[in-house]
Amino acid sequence: STLLGLTFVAEANFKWETIKHNGLDYVTLRSVKDFYYFNKIKYGPVITMETPEVALEVRPGTQRCRMNGVLFILSHPVLERSGRYLLSRTDLNKLIDPVMRPTYIYRARHFNTVVIDPGHGGKDSGGLGHHENEKVYTLKIARLIRDILDRQGYRVVMTRDSDVAVSLASRVRIANKYPDAIFISIHFNAGNSRANGIETFTVSPVGVPHMGRDVRAGDFRTVPGNVMDSASIALATAVHSRALLYLNSKSAGNDFDIEDRGIKRARYNVLTGIKIPAILFEGGFLSNRSEATKVHSSAYQKTLAIAIARAVDVYKKSVTSR
């Protein structure tokens, strides 16, 4: 059982084609193709590699990567050098491999506790919406997820279960009380009135900056969250892909037409400080009137909660079916 419906076997003594560029280690896409048994590679503005079960797409010169249609933002752009296309070793180790082979994630543990973190609360309203503010929706969704997971036999810990302010340090402290758990922080975006879609964040690997800003000296220091880099990206993949699948499922009557903004890297406090698999999920833009109306609907809220609860099961099975 794997995150995107894939199964791969480790290859002992595999010889990777490696190249160093600007101080970073890269592997060739040809190596990636061979290691993961892609039977076809097609070059062009978008490079695609396929098996009967998975399509992987990258855009040379960019950080965009899709696996089975799900958008990932790579830590470094894919390069072209002397006719060879290169993927950073960071992206191979911290993204491609844990998503393709979650059963090989070294530190992924069996768990039965889920820490749900409804963002904001109390005087901190979060993003301002056309109907309600962010803090209202994060708590509503968190309670719905809690109720589903409760029924499924999980132990659920809420960082807040009412309209109260909880400091970031307290959220980190609560999460770190449960070493055999996972952490899901629920948020909604605001800002640009035309921006739309969902996005999911995991902690930036060592040497990788917060999304959208330049590298700083501090980015090269290991933070507590880096211990779970691979497990966190696997959890993000399960949550993000299921949210898209459920919210955009015409067959299930849920055609919310939600945009995929991708799985990204960030240095939010709740990601850097937490020592268990941790993600921050942004469930839509409250500043976009059309999307805010979708988020406000009970159908959207229930569908999103069901998707995230389902993703917890998917992640658990994918990393523990050793």
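1. Contact here means heavy atoms within 4.5 Å. Helices (H or I, at least four residues) and strands (E, at least two) are DSSP runs, numbered from the N terminus.

2. This is a predicted model, in which local features need pLDDT of at least 70, side-chain atom pairs count only at pLDDT 80 or more, and totals for chains, interfaces and linings use all residues. Residues are numbered from 1 along each chain as its sequence is written, and side-chain values use heavy atoms, with hydrogens and water left out.

3. Start with two helices. In α2, Asn-93, Lys-94, Leu-95, Pro-98 and Val-99 meet Asp-229, Ser-230, Ile-233, Ala-234 and Thr-237 of α5. Sorted by class, this contact of α2 with α5 has five nonpolar, three polar and two charged residues. Ala, Val, Leu, Ile, Met, Phe, Trp, Tyr, Cys and Pro count as nonpolar; Asp, Glu, Lys and Arg count as charged; the others, Gly among them, count as polar.

4. How do these helices sit? The axes of α2 (residues 89–100) and α5 (residues 229–247) are 9 Å apart, at an angle of about 50 degrees. Axes are lines fitted to C-alpha atoms, for helices over the stretch in contact, and angles run from 0 to 180 degrees between N-to-C directions. The pair is therefore oblique. Under 35 degrees counts as roughly parallel, over 145 as roughly antiparallel, 65 to 115 as roughly perpendicular, and the rest as oblique.

5. Now look at strand β13 (residues 198–203). Six of its six residues are buried, meaning under 20% relative accessible area (1.4 Å probe, protein chains only). β13 pairs with β16 (residues 260–266) in the parallel sense, over five bridges. Two strands pair if DSSP finds at least two bridges between them. Thr-200 has Ile-263 in β16 as its bridge partner.

6. β13 also runs antiparallel to β17 (residues 278–285), joined by three bridges. Here Phe-201 has Leu-280 in β17 as its bridge partner.

7. Which residues does Thr-202 touch, leaving aside neighbours within four places in sequence? Its contacts include Ser-232, Ile-233 and Ala-236, as well as Lys-264 and Ile-279. Thr-202 lies in β13 and is buried, because its relative accessible area is 1%.

8. Finish with Glu-282, in β17. Glu-282 counts as buried because its relative accessibility is 7%. Beyond residues up to four places away in sequence, Glu-282 touches several others, among them Glu-134, His-187, Ile-198 and Phe-201. Arg-155 is 23 Å from Glu-282 in space, C-alpha to C-alpha, and 127 residues away in sequence.

Notes: Buried means under 20% relative accessible area, exposed over 50%, partly exposed in between (1.4 Å probe, protein chains only).
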